[in-house]
Amino acid sequence: FSSRRRHTRYIGDWSSDVCSSDLIMKPNLLGLSREKMKALFSELEEKPFRAQQVMQWIHQRGVLDLNEMTDISKVLRGKLEQLVEIRAPKVVADYPSEDGSHKWIIEVASGSRVEMVFIPEGSRGTLCVSSQAGCSLDCSFCATGKQGFNSNLTVAEIIGQVWLARQQLDGFDAAAQRRISNVVMMGMGEPLMNFEPVMDAVSLMMDDWAYGLSKRKVTISTSGVVPAIRRMKEYTDASLAVSLHAPNDALRSSIMPINKKYPIVELIDAVKEYMASLQDKRVPVIEYTVIKGVNDHRQHARELAKLLKTLPCKINLIPFNPFSLSDYRRPSDSVISNFREILQHAGFTVTVRTTRADDIGAACGQLVGDVEDQTRRQERHARRAEARQNEASEHSGQSRVERARILASTGEAAASDPLVLGS
Ligand code: SAH
Ligand code: SF4
C-alpha cells in the first residue's frame with residue numbers, strides 16, 4: 001500500500017460518506033477508505049488493525065453483518081452498531097447476456113437508477129462502474145447525457161458496485177476464481193464531476209485490504225474536466241482514459257459542450273502532467289467514439305494523428321452505439337477500419353471496441369436501458385430543453401439544474417420539444 005497515494009486531505013473525516021437522504025445519517029462502512037476507517041477506529045480508541053479486520057470482512061469476505069465479524073469483540077460490535085451501518089446498494093434488475101456479459105440495475109439512495117456491466121474476455125473480467133446518476137455534461141452522442149444530472153453516487157454506492165458484482169458473480173468464497181480483474185469508470189456519469197467519492201472508491205479498488213486491484217487495471221475515464229485531472233495526482237495513481245472524440249476544438253465543442261470550457265490544448269496538457277506524475281511507465285487511452293458523417297472522415301483521422309503526435313497514448317475507437325433519442329448512426333466497418341489504418345500508419349496502437357451485450361443494451365453510451373420508463377425519460381428530456389431555453393434567455397441567476405427542478409415540480413414540460421412530439 002505504501003506505494004499508493006494516500007488521501008491525506010480527508011484523514012479524520014470518516015463520517016463524510018453519509019447519504020443525505022438517510023434519516024438516521026449513519027456513515028456506511030462499505031464506503032470508508034483505509035484512511036477513514038483507521039480514523040474511525042482511532043476515534044473509538046481502538047487499534048488500527050481493527051480497520052484492517054473490518055475492511056477484510058466487508059470487501060474480501062462479503063460480510064455486511066457486524067455480528068458475523070467474529071474476531072471483533074462483542075463490546076466493539078455493539079459500539080459500532082450504534083454509530084454506523086454497512087449497506088450495499090439494492091439490485092433492482094439483473095440481465096445476463098448470451099455472450100457472458102452481465103448488466104445489473106442498481107437503485108441508489110436518491111431513488112435514481114444506475115447500471116453496472118460485467119464483460120468477460122478470456123482470462124480478463126472487466127467491470128464497468130457508474131459514478132453518477134445521469135450526467136450534466138450533455139455530450140450529444142451519449143444516452144446518459146440525455147438524462148441530465150440526477151445525483152452523485154456516494155463512495156458506498158460506487159464501491160458497492162464492485163462488492164455487488166463480486167457477490168453476484170462468484171460469491172466471496174476465497175476458492176472462487178477471481179473474475180473481476182479490471183474496473184473501468186465508464187458507466188453512467190462523469191467520474192471527475194464527483195471527485196472525492198470517486199477517488200475514495202478507486203483507492204478501495206486498489207487497496208490490499210479491499211479488492212487489491214493493480215493500478216494498471218483500474219481506469220478513470222473522463223470527458224476532460226481539466227482542473228480535476230490536475231488534482232488527480234494528489235489522490236491516485238490509477239490509469240486514465242480520455243474521451244476525445246474529435247481532432248479539433250470546433251468539432252469537439254459541437255459534440256461535447258465541456259470543450260468550450262476546457263479546450264483540447266489544455267486537456268492534453270493536463271493529461272501529460274498526470275501521466276508524468278506516475279511512478280511507472282503508462283500511457284493514457286484516448287477514446288474516440290466514431291459517428292457516421294460527424295467525426296469519421298479520413299481527414300479527421302489524419303488531424304487526430306497530428307494532434308496526438310506529442311502525447312504517447314493508445315487509441316480506442318468506439319463505433320457509435322445507437323439509442324432511441326439520437327439521430328446519429330454508426331459508420332460502416334470499412335470506414336472504421338480505414339480510420340484505424342490511418343492512425344496505425346502514423347505509429348499509434350489502435351484498438352476498436354467490439355460491441356458486447358447488445359441483447360441487454362449494455363454497450364457504451366446505452367446505459368439507460370429499457371428499464372428506464374420511456375415516458376419519464378422523454379419528459380425529463382423535454383424539461384431540460386425548456387431549461388436550456390431559459391438559460392439562453394438569461395432571465396435569472398438560477399442554474400440549469402435548479403430551473404429544471406422547478407419545472408419538474410410545477411409539472412411544466414416543454415410541449416414544443418421535437419423529441420416529445422416526434423415520439
Ligand atoms: N463520463 C465519462 C465516462 C462515461 S462514458 C466519459 O465521458 O469519458 C464512457 C465512454 O463511452 C466515453 O468514452 C463516452 O464518450 C462513450 N460513449 C458515450 N456514448 C456513447 C455511444 N452512444 N456510443 C459509443 N460510445 C459512447
Ligand atoms: Fe457524461 Fe461521459 Fe456521457 Fe459525456 S459521454 S454525457 S461526460 S457520461
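## Reading a predicted fold, from ligand to sheet

Q: How much of ligand 1 does the protein cover?
A: Compare the ligand with itself taken alone. On its own, ligand 1 has 520 Å² of accessible area, and the protein covers 95% of that.

Q: Which residues come nearest to ligand 1?
A: There are 22 residues around the ligand, and the nearest are Phe141, Ser221, Ser243, His245 and Asn321.

Q: Now a sheet. How do I read the strand order, and what is it here?
A: The general idea is that strands of a sheet pair through backbone hydrogen bonds, either parallel or antiparallel. In this case, 10 strands form an open sheet with mixed pairing, in the order β1-β2-β3-β4-β7-β8-β9-β10-β11-β12. β1 (90-96) and β12 (349-352) have a single partner strand each, so one side of each has no neighbour in the sheet. From one strand to the next, the twist averages 20 degrees.

Q: How do β2 and β3 run relative to each other, parallel or antiparallel?
A: They are antiparallel: 6 bridges join β2 (residues 102-107) to β3 (residues 113-121). For one pair to pick out on screen, take Ile106, whose bridge partner in β3 is Val114.

Q: Where is Trp104, and is it buried or exposed?
A: Trp104 is in strand β2, and it counts as buried because its relative accessibility is 0%. Its contacts beyond the sequence neighbourhood include Val91, Met116, Phe118, Leu127 and Leu169. Phe118 is 14 residues away in sequence, with a C-alpha to C-alpha distance of 8.7 Å. There's a polar side too: the Trp104 side chain makes a polar contact with the side chain of Gln168 at 3.1 Å.

Q: How does helix α6 sit on the strands?
A: α6 (residues 195-206) lies across β7 (182-185) and β8 (218-222), and runs at about 160 degrees to β8.

Q: How many residues of helix α1 are buried?
A: An α-helix has 3.6 residues a turn, so residues three or four places apart point the same way. For α1 (residues 34-43), 7 of the 10 residues are buried: Arg34, Glu35, Lys36, Met37, Ala39, Leu40 and Phe41. Their cover includes α2 (49-60), α3 (74-83) and α6. Just past the helix, Glu45 has a positive phi of about 60 degrees.

Q: And how do I sum up the chain: how many helices and strands?
A: 15 helices and 12 strands. Of its 423 residues, 56% are buried. Among contacts with a separation of 6 or more, 67% join residues 24 or more positions apart.

Note on methods. Residues are numbered from 1 along each chain as its sequence is written. Chains are lettered from A and ligands numbered from 1 in the order in which they are written. This is a predicted model: local features need pLDDT of at least 70, side-chain atom pairs count only at pLDDT 80 or more; totals for chains, interfaces and linings use all residues. Side-chain values use heavy atoms; hydrogens and water are left out. Two strands pair if DSSP finds at least two bridges between them. Helices (H or I, at least four residues) and strands (E, at least two) are DSSP runs, numbered from the N terminus. Axes are lines fitted to C-alpha atoms, for helices over the stretch in contact, and angles run from 0 to 180 degrees between N-to-C directions. Contact means heavy atoms within 4.5 Å. A residue is near a molecule or strand if one of its heavy atoms lies within 4 Å of it. Accessible areas come from the Shrake-Rupley method with a 1.4 Å probe; for residues, only the protein chains shown count as cover. Buried means under 20% relative accessible area, exposed over 50%, partly exposed in between (1.4 Å probe, protein chains only). A polar contact is a pair of N or O atoms within 3.5 Å; within protein, one must be able to donate a hydrogen and the other to accept it, and residues adjacent in sequence count only if both atoms are side-chain atoms.
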